[in-house]
Amino acid sequence: MGIQSLVDRVKLHPEIHRAGMILAHNGIVRATSRDGTPVHQVTVRADYGALEKIVGDARKGEGIVEVLAEVREGTLRPGDDIMYLVVAGDFRENVIAC
């Protein structure tokens, strides 16, 4: 699991020649919640069915070549990686919008 492995996988896509941008996101555990409450740990359980639907819908976006996502499950602490997301597409406005 990792950003680089997802980037490497997306570069193997048969339509990667259409891409002009690969955008990577690394979600991590924050030390505080949105309301400022301290976070010491979170327990993450992924809904892989929902994730696949979201990724599948994102792949249908204008100019999008590929979307890959990985979620880390279990008990995580501030600074730990939760999710990696990589989007490849033709132009930055399409990739960022995705």
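Leaving aside residues up to four places away in sequence, Gly74 touches Val42, Thr43 and Val44, a contact being heavy atoms within 4.5 Å. The C-alpha atoms of Gly74 and Arg45, which are 29 residues apart along the chain, are separated by 6.6 Å. Gly74 belongs to strand S4 (residues 74-76). With a relative accessible area of 25%, Gly74 is partly exposed; buried means under 20% relative accessible area, exposed over 50%, and partly exposed in between (1.4 Å probe, protein chains only).

The model is predicted: local features need pLDDT of at least 70, side-chain atom pairs count only at pLDDT 80 or more, and totals for chains, interfaces and linings use all residues. Residues are numbered from 1 along each chain as its sequence is written, and side-chain values use heavy atoms, with hydrogens and water left out.

The protein chain contains 3 helices and 5 strands, arranged from the N terminus as α-β-β-α-β-β-β-α. Helices (H or I, at least four residues) and strands (E, at least two) are DSSP runs, numbered from the N terminus. The C-alpha trace spans about 45 × 25 × 25 Å along its principal axes. Of the 98 residues of the protein chain, 28% count as buried. Among contacts between residues at least 6 apart in sequence, 68% join residues at least 24 apart.

An open sheet is formed by 3 strands in the order S1-S5-S3, with antiparallel pairing. Strands S1 (21-28) and S3 (64-71) stand at the edges with a single partner strand each, so one side of each has no neighbour in the sheet. Neighbouring strands of this sheet are turned by 10° against each other on average, direction ignored. Two strands count as paired if DSSP finds at least two bridges between them. Strands of a sheet pair through backbone hydrogen bonds, either parallel or antiparallel. The pairings of S5 (residues 81-89) are listed below.

| Strand pair | Sense | Bridges |
|---|---|---|
| S1 and S5 | antiparallel | 8 bridges |
| S3 and S5 | antiparallel | 7 bridges |

Met83 in S5 is the bridge partner of Gly27 and also stands opposite Val71. Val86 in S5 stands opposite Leu68. Strand S3 is largely enclosed by the rest of the structure, because 7 of its 8 residues are buried.

Helix H1 (residues 3-10) lies across S1, S3 and S5 and runs at about 25° to S5. Helix H2 (residues 48-59) packs on the sheet as well, touching S3 and S5, and its direction makes about 160° with that of S3. Axes here are lines fitted to C-alpha atoms, for helices over the stretch in contact, and angles run from 0 to 180 degrees between N-to-C directions.

The accessible surface of the protein chain comes to about 6,400 Å² (Shrake-Rupley method, 1.4 Å probe), and carbon and sulfur atoms account for 53% of that surface. The chain carries 12 positive and 14 negative side chains, with the centres of the two sets 3 Å apart. Lys and Arg count as positive and Asp and Glu as negative, while His and the chain ends are not counted; each charge is placed at NZ of Lys, CZ of Arg, CG of Asp or CD of Glu.
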